[in-house]
Amino acid sequence: MKKFFKITGIILGVLLLIVVCFVTYIYADGIPKYTAKKIDLKVEITPQRVEQGHKIATMECIACHAGPDGKLTGRQLTELPKEFGTVYSRNITSDPEKGIASWTDGEIYYLLRTGIKRDGQYIPPYMAKFPNASDEDLYSVIAWLRSDQVQKTNEEPPESQPSFLTKFLSHVAFKPIQFPEKPILMPDTNNAVEHGRYLANGIYHCFPCHSADFKTLNIAEPEKTGGFYGGGNKMPGLNGEIITTRNLTFDETGIASFSEDDFIQSVKYGKKKGGGQLRMPMFPHILLTDVEAKHIFAYLKSVPKIHNKIDY
């Protein structure tokens, strides 16, 4: 019996040592680095691309990167759950020292696709990534970043202080997204479901907030995200209160009772069905066209239903 307890103690001791070593390694290593691929790309800046880039950035980039003065200096992302640490977005203006003026178009494109900066640093999922966006839409974002619409500033926030959870998940769950092997084309805009899927999942990222939890997010393959569009993700509101995101599937606990117009009023103008305004972190997407909102609605009808009653 003594021998049994001795062996058990040794095993437990070894396991404890392994855990301590792993935790120490995660703390010391932080967010992992990878090798950034060199992409030869020079985006032609056209008025059409700048306009489309501005539209995408308004719904995807500006809210996180705009400082108090409206310039894209970066800021603290207080709307993120505190369990991810203290996170700051970066200066994405054309300032040569603090911004991205020295970045090549290929480096920006690679970051947007994979989440890997030019120095190899991986950015966890609190920065949007676009593995399924069309090449043309990403070229438009780059054209907008290079345009006169983005006012240069040399201000920047402090460095982020990711939590142990963020570091841990970045080692075991959150991985860089594979760079596509072939061009990604725009979807058929006459196919409502296909186009809506592209808008909701590929470019405007509705599913990360409206699924179960950021920790089970799958940016590369959205449909594999836990609780896909079933809501329940908990996010800080405007005053720090916890907001539980809505179920957007066509279950009775979701939006099965919504008409097309109800959905347009909600997603474009932030209006609740039955009256009142939706609360932050949801914000109006006024630059969406009615057709785009209708196509997202058509796509959501095709998403498998999830029964998840949420009190709003």
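Predicted model: local features only at pLDDT ≥ 70, side-chain atom pairs only at ≥ 80, totals over all residues.
**Exercise 1.** Determine how H4 and H5 are oriented to each other, and classify the residues of their contact.

*Solution.* 
Step 1. H4 covers residues 105-114 and H5 covers residues 135-146; they pack at an angle of about 125 degrees, and their axes are 10 Å apart.
Step 2. Angles of 65 to 115 degrees count as roughly perpendicular and those over 145 as roughly antiparallel. The two helices are therefore oblique to each other.
Step 3. The crossing in which H4 passes H5 is right-handed.

**Exercise 2.** Describe how H2 packs on H5, and state which residues make the contact.

*Solution.* 
Step 1. H2 spans residues 47-60, and the axes of H2 and H5 cross at roughly 95 degrees, coming within 7 Å.
Step 2. H2 contributes Arg49, Val50, Gln52, Gly53, His54, Ile56 and Ala57 to the contact, while H5 contributes Glu136, Asp137, Tyr139, Ser140, Val141, Ala143 and Trp144.
Step 3. By class, seven of these contact residues are nonpolar, four are polar and three are charged.

**Exercise 3.** Carry out the corresponding analysis for H7 and H10.

*Solution.* 
Step 1. The packing angle of H7 (residues 192-203) and H10 (residues 290-302) is about 95 degrees, with the axes 7 Å apart.
Step 2. H7 and H10 are therefore roughly perpendicular to each other.
Step 3. On H7, the contact is made by Ala192, Val193, His195, Gly196, Arg197, Leu199, Ala200 and Asn201; on H10, by Glu292, His295, Ile296, Ala298, Tyr299 and Ser302.
Step 4. Seven nonpolar, five polar and two charged residues form this contact of H7 with H10.

**Exercise 4.** State the volume of the second largest pocket and describe its lining.

*Solution.* 
Step 1. The volume of the second largest pocket is about 460 Å³.
Step 2. Its lining consists of 20 residues, and those nearest the centre are Pro131, Asn132, Pro180, Ile184 and Ala220.
Step 3. Twelve residues of the lining are nonpolar, four are polar and four are charged.

**Exercise 5.** How many cavities of 30 Å³ or more does the structure hold, and which residues line the largest cavity?

*Solution.* 
Step 1. The structure holds one cavity of 30 Å³ or more.
Step 2. The largest cavity has a volume of about 40 Å³.
Step 3. Ala36, Lys37, Lys38, Glu107, Tyr110, Ile116, Lys117 and Arg118 line the largest cavity.
Step 4. Of these lining residues, three are nonpolar, none is polar and five are charged.

Terms used:
Residues numbered from 1 in each chain as written. Heavy atoms only, no water. Axes fitted to C-alpha atoms, helices over the stretch in contact; angles between N-to-C directions. Helix = DSSP H or I, 4+ residues; strand = E, 2+ residues; numbered from the N terminus. Parallel < 35°, antiparallel > 145°, perpendicular 65-115°, else oblique. Left-handed = near helix turned anticlockwise from the far one by under 90°. Nonpolar A, V, L, I, M, F, W, Y, C, P; charged D, E, K, R; others polar. 1 Å grid on protein atoms, 1.4 Å probe; cavity = no way out; pocket = protein on both sides within 12 Å on 5 of 7 lines; lining within 4 Å. Points joined across faces, edges and corners; volume = space filled by probe spheres on them. Contact = heavy atoms within 4.5 Å.
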